[in-house]
Amino acid sequence: MLGGSAMKRMNVQRVICWWVFSLSVTVVGTVQSAGTPRTDAVKTAVVGRSGREIYSLECDECHAKGLIGAPKFGDKVAWAPRIAQGSTVLVAHVLHGFKAMPTKGNCMSCSEDEIAAAVRYIVTAGK
Ligand code: HEC
């Protein structure tokens, strides 16, 4: 049998051991959960979809055929007065919705950069 003071020392050691262990688990856990969204944000920024991809994903639904009064893709006459407004206005109109066009041209998963890329793609085809 161990004496009372030796027992006490062992208990203290065990508590410290446990404390260090759980602390390291907490630290690792925090770093991992804080790291995850950051990597995702970087991924989206770096691997943002191209204007062409966004266009064929959402915009062509209306713009390919000129549905509900949408200026047709590649129709230079229809696009000329719109392009004349400048790309800042065009991108803002898509982001906030414009007349019959829904907010973000229906692409709710699109970032501002992706919308701007899709506008550039449409505008280039309409010039
Ligand atoms: C539900 C149909 C619909 C979808 C989807 C749609 N648009 Fe449109 N869009 C329209 C209509 C309708 C107009 C014309 C609005 C007007 O002037 O009456 C328009 C106009 C525009 C204009 C010109 C705005 C201006 O100021 O003249 C741009 C640029 C544009 N769309 C880009 C896009 C992009 C980029 C997407 C995809 C992210 C998209 N649209 C998706 C219907 C749509």
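In what order do the elements of the protein chain run from the N terminus on? In this predicted model, the elements follow one another as α-α-α-α-α, and the secondary structure of the protein chain accordingly comprises five helices and zero strands. The protein chain has 127 residues, of which buried residues make up 16%. Among the contacts between residues at least 6 apart in sequence, 65% join residues that are at least 24 apart.

In soluble globular proteins, nonpolar side chains tend to be buried together. The largest nonpolar core of the model contains 14 residues, and those with the most contacts inside this core are Ile54, Tyr55, Cys59, Ile115, Ala118, Val119 and Ile122. At least two residues of this core are supplied by each of H2, H4 and H5, with H5 giving the most, namely six residues. When residues up to four places away in sequence are not counted, Ile122 touches Tyr55, Cys59, His63 and Phe73.

The surroundings of the ligand were examined next. Around the ligand there are 29 residues, of which Cys59, Cys62, Ala70, Met101 and Gly105 come nearest; Cys59 is also one of the residues with the most contacts inside the largest nonpolar core. Helix H2 (51-63), helix H4 (87-96) and helix H5 (112-126) each contribute at least two residues to the shell around the ligand, and the largest share, six residues, is that of H2. By residue class, this shell divides into 19 nonpolar, six polar and four charged residues.

Technical notes. Residues are numbered from 1 along each chain as its sequence is written. This is a predicted model: local features need pLDDT of at least 70, side-chain atom pairs count only at pLDDT 80 or more; totals for chains, interfaces and linings use all residues. A residue is near a molecule or strand if its C-beta atom, placed from the backbone, lies within 6 Å of it. Helices (H or I, at least four residues) and strands (E, at least two) are DSSP runs, numbered from the N terminus. Ala, Val, Leu, Ile, Met, Phe, Trp, Tyr, Cys and Pro count as nonpolar, Asp, Glu, Lys and Arg as charged, and the others, Gly among them, as polar. A residue is buried if 20 or more other C-beta atoms lie within 10 Å of its own, exposed if 12 or fewer, and partly exposed in between; C-beta atoms are placed from the backbone. Two residues are in contact if their C-beta atoms, placed from the backbone, lie within 7 Å. A nonpolar core is a set of buried Ala, Val, Leu, Ile, Met, Phe, Trp, Tyr and Cys residues joined through C-beta atoms within 7 Å.
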